[in-house]
Amino acid sequence: MEAVQADRIEALAVLFGNGPVAVLTGAGISTDSGIPDYRGAGTPPRTPMNISQFMHDEAYRRRFWAGARIGFLRSTGVAPNAGHRALAALEEASRIEGVITQNVDDLHRRSGSRTVVELHGNGSVIRCVTCGHRWSREEVLDRFDDLNPGFAARNANAEIAPDGDARVRSTGGVTVPACPVCGGILRPDVVYFGETVPPAVFEAGESLVREASALLLTGTSLAVNTGMRLVHRAERIGIPLAVINRGPTAVDARGSVRLRIEGGATETLTALVEALG
Ligand SMILES: [Zn+2]
């Protein structure tokens with residue numbers, strides 16, 4: 001790492017001298033795990049999950065589960081990277097309060113972080129919209145296989161799409177798994193576009209910010225409103241912000257930003273752990 005960047009890492013480490021820091025992460029921390037950042041520069045526009053259509057249209061749900069089955073089979077290589085592990089190590093050393101994340105990829109927990117506030121839910125969890133029971137995506141996909149024998153093998157070569165999805169051609173005969181407890185509709189435990197973050201989840205994030213001496217934003221351009229609400233909370237409390245990101249963010253010009261590092265989350269967080277000893 002260049003000397004200039006090393007100075008900035010030192011300055012970032014100094015910020016940790018005032019007590020534990022709260023961390024907010026976004027897609028940029030997971031790109032090195034092979035999960036694309038759809039908001040990053042040069043990425044094509046995408047069609048996000050339409051949750052209203054999902055809830056009202058059985059054909060949409062057939063396509064969703066068919067795509068999820070094949071997408072899951074082909075995404076088994078996704079694992080936490082050194083950036084996730086650096087944050088888990090910082091928590092272990094009581095340098096950070098915990099991680100607030102906009103990601104739904106479960107990689108913070110899988111890397112060993114214990115206090116994780118998932119603002120947008122967790123895509124590896126499936127819940128019943130009627131009775132609220134939760135299952136792992138894997139369990140529901142196992143049931144999908146029982147309901148649709150031979151489907152996975154027949155469609156294993158379908159083109160892979162973002163968010164653990166795949167473009168399966170023919171889904172007309174697919175049987176959608178329903179809640180085994182009440183027969184209700186099962187959906188990913190994720191906050192989709194147009195839905196709101198549950199108040200208790202936001203409050204959990206807010207309480208981490210309240211207890212922190214600074215708020216570190218990493219791998220996020222702050223394009224999502226919930227992230228900005230936490231920035232506003234930090235400013236109201238009067239704690240400084242630090243930013244690690246590739247490319248501009250929505251907070252760059254704010255007076256509360258004490259330090260900005262233009263760079264990837266993985267190498268910067270790894271260097272930070274070294275600087276903090
Ligand atoms: Zn149910």
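Colleague: Which residue just after α10 takes a positive phi?

Modeller: Gly 277 does, with a phi of about 70°. Helices here are DSSP runs (H or I, at least four residues), numbered from the N terminus. This is a predicted model, where local features need pLDDT of at least 70, side-chain atom pairs count only at pLDDT 80 or more, and totals for chains, interfaces and linings use all residues. Residues are numbered from 1 along each chain as its sequence is written, and side-chain values use heavy atoms, with hydrogens and water left out.

Colleague: What should helix α10 span?

Modeller: The 12 residues of α10 (265-276) should span 16 Å, and the end C-alpha atoms are 16 Å apart, which agrees. The expected span is 1.5 Å times one less than the number of residues.

Colleague: Which residues of α10 are buried?

Modeller: Ala 265, Thr 266, Thr 268, Leu 269, Ala 271, Leu 272 and Leu 276. Buried means under 20% relative accessible area, exposed over 50%, and partly exposed in between (1.4 Å probe, protein chains only).

Colleague: Metal next. What are the protein donors of the zinc ion?

Modeller: The SG atoms of Cys 128, Cys 131, Cys 179 and Cys 182, lying 2.3 Å from the zinc ion. Donors are N, O and S atoms within 2.8 Å of the metal (3.2 Å for Na, K and Ca); water is not among the atoms, so sites may look incomplete. Along the chain the donors follow C-x2-C-x47-C-x2-C.

Colleague: What is the geometry of the zinc site?

Modeller: Tetrahedral, with angles of 100 to 117° among the 4 donor atoms. Four donors count as tetrahedral if all angles lie between 85 and 135 degrees.

Colleague: Is Cys 179 buried or exposed?

Modeller: Cys 179 counts as buried, at 4% relative accessibility. Cys 131 is partly exposed at 33%, and Cys 182 is partly exposed at 39%.

Colleague: How many aromatic pairs are there in the whole structure?

Modeller: The search finds 3. In the pair of Phe 54 and Phe 64, the ring centres are 5.2 Å apart and the planes at 90°, so the pair is edge-to-face. Rings of Phe, Tyr and Trp (its six-membered ring) pair if their centres lie within 6.5 Å; planes under 30 degrees apart count as stacked, over 60 as edge-to-face and the rest as tilted.

Colleague: Where do Phe 54 and Phe 64 lie?

Modeller: Phe 54 lies in helix α2 (residues 51-56) and Phe 64 in helix α3 (residues 58-74), so the pair ties together parts 10 residues apart in sequence. Both are buried.

How values were computed. Helices (H or I, at least four residues) and strands (E, at least two) are DSSP runs, numbered from the N terminus. Four donors count as tetrahedral if all angles lie between 85 and 135 degrees; four count as square planar and six as octahedral if opposite donors are over 155 degrees apart and all others between 65 and 115; anything else is irregular.
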